[in-house]
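User: Hi! Could you walk me through some local features of this protein, one question at a time?

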Amino acid sequence: RSGISAWRLQRLQLVRVFFCFSFFVMIVLSSCGISYSSQEADPYRTGTEGIVVSFIDDDYTFYDQQYLLLQLLLENKGVYDAPQGKVVLSGYDPTIVKISADPIELPDDFTGKNQYAPQGSSYFVQVEEDAPVSLSLGESYDATLQASLCYTYQTIATPTACLLYNPEDTYICDQETISLNSQGGPVAVTEVRQDYLQDQVRFTVFVQHLGDGSVVNAYDVDAYDACPFTLTRDDLNHVGVTMEIGGLGEPSCIPGNGYIALNDEGLGVIICTFTLREQRTYTTPLKITLDYSYLSVLQQDISIYESSSVDRETSSTGNTGCPCSEANMRIWGGCICLYINGKMNYCSEGANNITVSGSAGDTLEYQVHGSSTVTNCGDSSSPTSS
């Protein structure tokens, strides 16, 4: 009996040792299991785009005394929810093309990508015209229409940092270099280096321009007002950087104003030091906020020709991907097309407003070529159904 009890006692001790060792391993793994080589960002907090502008018309051939009816699509493809900005159209002769000279402002409610809208938000703009095109000299006119987009934006990176109070506490966490990718904006944090100092921790943060446009100074109102046409070299390639750690005060940074310059390769660096307040080692999020303005440019070639009124009716319908039957051309001299979700419907001219309907959750996109009112629409080029 005593032998069995001793065996049970020895077995119990082994079990206790095993569980204690397992518990210790779990603690170590939970503390050190964070990968400091990369940041697992939220699925939507990626990408190198901010605000994107595009022309959505099908054809850019126009005729004298015809309205352009240009449409723009603005999309917030980043994650910043409060951009402010403007689109300025240029590159055309204002005596021929009578587009309004006023900048097109970004909408107030223009949120970026999130878990509820992984594609971000979009906004359609009809470009205002003061009059139809007027080709008074020559038989044709070619121009490159330029849409310059200037806007403010912000990028946030939140890597997990190691606050090492005692250099021997590396079993809790290690101050390895953190490599990051994109964070849902054209400027991003690409690398964070951590260094131990007595009662302090120092972060060297590398910032890089990853987009296709130009970085405009973040805190310079004059630079934003100068965008896009009167920007100087001093107005470009500066990014505002702030760092925060919960429970700690403001860091001491170099440069001291938190305003870094990007070199010709789009790289910049800032060094910030935090003073630790607790005599312990632990991991915590490091919030890095980048503030900047941005300029992107889109170009679209347009052609304007002189023609008779008959040619204008034919070209304004047939050349837009909106063919008409000979019967419709004889009856009312033109064609109106309604595009719903990529499917073209032919419509005859009338006095009733176009009505587009769908089920809950559907996304309907439509373009009207010709008049803004119709009576009959259908799948054929000679519509009969209302």
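Predicted model: local features only at pLDDT ≥ 70, side-chain atom pairs only at ≥ 80, totals over all residues.

User: Is Gln65 buried, partly exposed or exposed?

Analyst: Gln65 is in the loop between strand E2 (61-63) and strand E3 (71-76), and its phi is near 70 degrees, a positive value in a residue other than glycine. Buried would need under 20% relative accessible area and exposed over 50%. The relative accessibility of Gln65 is 44%, so Gln65 counts as partly exposed.

User: Which loop holds Asn237, and what is its phi?

Analyst: Asn237 is in the loop between H2 and E13, and it is partly exposed, with a relative accessible area of 30%. Most residues other than glycine have a negative phi. Asn237 has a positive value instead, near 65 degrees.

User: Which residue does a cis peptide bond join to Cys227?

Analyst: Most peptide bonds are trans. With omega at about 10 degrees, the cis bond joins Cys227 to Pro228.

User: And what is omega for the bond between Ile254 and Pro255?

Analyst: Pro255 is found in the loop between strand E14 (252-254) and strand E15 (259-261). The peptide bond joining Ile254 and Pro255 is cis, with omega of about 0 degrees.

User: Which residue is the bridge partner of Ser179 in E10?

Analyst: E9 and strand E10 (residues 187-197) pair in the antiparallel sense over two bridges. In E10, the bridge partner of Ser179 is Glu191.

User: Is the pair of Phe203 and Phe274 stacked or edge-to-face?

Analyst: Phe203 lies in strand E11 (residues 200-209) and Phe274 in strand E16 (residues 267-275), so the pair ties together parts 71 residues apart in sequence. Both residues, Phe203 and Phe274, are buried. Their ring centres are 6.0 Å apart and planes over 60 degrees apart count as edge-to-face. The planes of Phe203 and Phe274 stand at 75 degrees, so the pair is edge-to-face.

User: Last one: how far is the charged end of Arg280 from the centre of the ring of Tyr282?

Analyst: A charge counts as sitting over a ring only within 6 Å of the ring centre, with a limit on angle too. The charged end of Arg280 does sit over the ring of Tyr282, and its distance from the centre is 4.0 Å.

Definitions and conventions: Residues numbered from 1 in each chain as written. Heavy atoms only, no water. Helix = DSSP H or I, 4+ residues; strand = E, 2+ residues; numbered from the N terminus. Buried < 20%, exposed > 50% of the residue type's maximum accessible area, 1.4 Å probe, protein only. Pairing = 2+ DSSP bridges. Phe/Tyr/Trp six-rings, centres within 6.5 Å; stacked < 30°, edge-to-face > 60°. Lys NZ or Arg CZ within 6 Å of the ring centre and 35° of its normal.
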